[in-house]
Amino acid sequence: MISAKEIEEGPTVYSKAAKSRDILKKVCREGSYILIGVENQDMVHYAMPFRCMEYDVLEYKKQLKRIKEDYRKARERKNEMGNGAAAEFLSGMRKEDRLSPVITIVFYHGEDEYDGCRNLHDMLDFGKKNEIFKQYISDYHINLVTAKDLEEKNFQTGIRELIGFLKRRESKEELRKYCEENERRMREMDEDTFDVISVMINKSDFIEQKRNYRQEGERVDMCRAMEEWGEDLRKEGLERGIEAFVLDYLEEGFGKERIVAKLQKRFLLDEKKAEDFFIKYAPGIPDGK
């Protein structure tokens, strides 16, 4: 278990190498710390084992550089070698010095199944005859977590809704059902969760319209946003149906007057609305029978 008070922000940029992590946190306990990095992926990365290994090596390299600088300064102050000093001088660190552990987690939230390599060995071409050397080559596996692996009920914060949406985003009906089953939480969603979900399900326009869904206490009504989205989809589907209807009747040789009349009857439209649709989808077509 890791509590929030144990977590500090860590530097994500390795400027000289022009590399930057997505997220890096320090978990501090009893005078020591462990570093946990997260790489967010919405697409499969087929070189991810190497990428994670590279980030971790850069972090260890930075730590080692700092230890070497501290060792050099301490040695200059003492101006003496002492026992084992030759080995320490060569290493640039004392026998008791230790690096802080680094963990990298890959969080994959893409829609496709993750089919990339999950360790370094899978990226290497040993062939048949060189398989014997595999045991001598250090492997490097990635800590892969996908949205589908997670059970949203195990979370109490906004992560719960985020995971719930990611797992159901391919089905508008499943999203609607999920909102209904969790209505109270959906109508009192915190703003950050609302923003992240909107981006993850490719509905950034929710953020632009957020003022329409605001509740008291910086809460946002996701149910209302989803309801309006559903209504937009219904209208969009209706318009596609009307467009196909108009084009089909034009191919059959019907003119404007007949098509407008049929639009009124089939889609329960008034004459003005039916005529507007005809003009929209059949511009320049003259009146006819």
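Good morning. I begin with a pair of helices: H4 and H7 are roughly parallel to each other, because the angle between them falls under 35 degrees. The model before you is a predicted one, and every value I quote is computed from that model. The angle in question is about 15 degrees, and the axes of H4, residues 159-168, and H7, residues 191-200, lie 10 Å apart. H4 passes H7 in a right-handed crossing. On the H4 side, the contact is made by Glu 161, Leu 162, Phe 165 and Leu 166, and on the H7 side by Thr 193, Val 196, Ile 197 and Met 200. Sorted by class, these contact residues comprise 6 nonpolar, 1 polar and 1 charged.

The axes of H4 and H5 come within 8 Å and cross at roughly 155 degrees. That angle makes H4 roughly antiparallel to H5, and the crossing is right-handed. Which residues meet here? From H4 they are Arg 160, Glu 161, Gly 164, Phe 165 and Arg 168, and from H5 they are Glu 174, Leu 175, Tyr 178 and Cys 179. This contact of H4 with H5 divides into 4 nonpolar, 1 polar and 4 charged residues. Glu 161 and Phe 165 of H4 take part in the contact with H7 and also in the contact with H5.

How much of H4 is buried? The count is 7 of its 10 residues, so H4 is largely enclosed by the rest of the structure. The buried residues are Arg 160, Glu 161, Leu 162, Ile 163, Gly 164, Phe 165 and Leu 166.

Let me turn to the nonpolar interior. In soluble globular proteins, nonpolar side chains tend to be buried together. In this model the largest nonpolar core has 23 residues, and those touching the most other members are Phe 165, Met 186, Phe 194, Ile 197, Phe 206, Met 222 and Met 226. At least two residues of this core come from each of H4, H5 (172-181), H7 and H9 (222-251). H9 gives the most, with 5 residues.

With its neighbours within four places in sequence set aside, Phe 206 is in contact with Phe 194, Ser 198, Ile 201, Tyr 213, Met 222, Ala 225, Met 226 and Trp 229. Apart from this core lies another, of 13 residues, including Val 246, Leu 263, Leu 269 and Tyr 281.

Leu 263 brings us to H10, where it is one of the residues that meet H11. H10, residues 256-267, and H11, residues 271-281, pack at an angle of about 125 degrees, with their axes 9 Å apart. H10 and H11 are therefore oblique to each other, and their crossing is right-handed. Lys 256, Ile 259, Val 260, Leu 263 and Gln 264 of H10 meet Glu 271, Ala 274, Glu 275, Phe 277 and Phe 278 of H11. By class, this contact of H10 with H11 holds 6 nonpolar, 1 polar and 3 charged residues.

Met 1 lies in the segment before strand E1 (7-9). Is Met 1 buried or exposed? Its relative accessibility is 95%, so Met 1 counts as exposed. Beyond its neighbours within four places in sequence, Met 1 is in contact with Glu 6 and Arg 29.

Glu 30 sits in the loop between strand E4 (23-29) and E5. Although it is not a glycine, Glu 30 has a positive phi of about 50 degrees. Glu 30 is exposed, with a relative accessible area of 84%.

Met 43 is found in the loop between strand E5 (32-41) and helix H1 (48-78). Met 43 counts as exposed, at 59% relative accessibility. Met 43 and Ile 23 are 20 residues apart along the chain, and their C-alpha atoms are separated by 17 Å.

Asp 97, finally, lies in the loop between helix H2 (85-91) and strand E6 (102-108). Asp 97 has a relative accessible area of 13% and counts as buried, because the limit is under 20%. From C-alpha to C-alpha, Asp 97 and Leu 64 are 9.5 Å apart in space, and they are 33 residues apart in sequence. Thank you.

How values were computed:
Residues numbered from 1 in each chain as written. Predicted model: local features only at pLDDT ≥ 70, side-chain atom pairs only at ≥ 80, totals over all residues. Heavy atoms only, no water. Axes fitted to C-alpha atoms, helices over the stretch in contact; angles between N-to-C directions. Helix = DSSP H or I, 4+ residues; strand = E, 2+ residues; numbered from the N terminus. Parallel < 35°, antiparallel > 145°, perpendicular 65-115°, else oblique. Left-handed = near helix turned anticlockwise from the far one by under 90°. Contact = heavy atoms within 4.5 Å. Nonpolar A, V, L, I, M, F, W, Y, C, P; charged D, E, K, R; others polar. Core = buried A, V, L, I, M, F, W, Y, C linked by side-chain atoms within 4.5 Å. Buried < 20%, exposed > 50% of the residue type's maximum accessible area, 1.4 Å probe, protein only.
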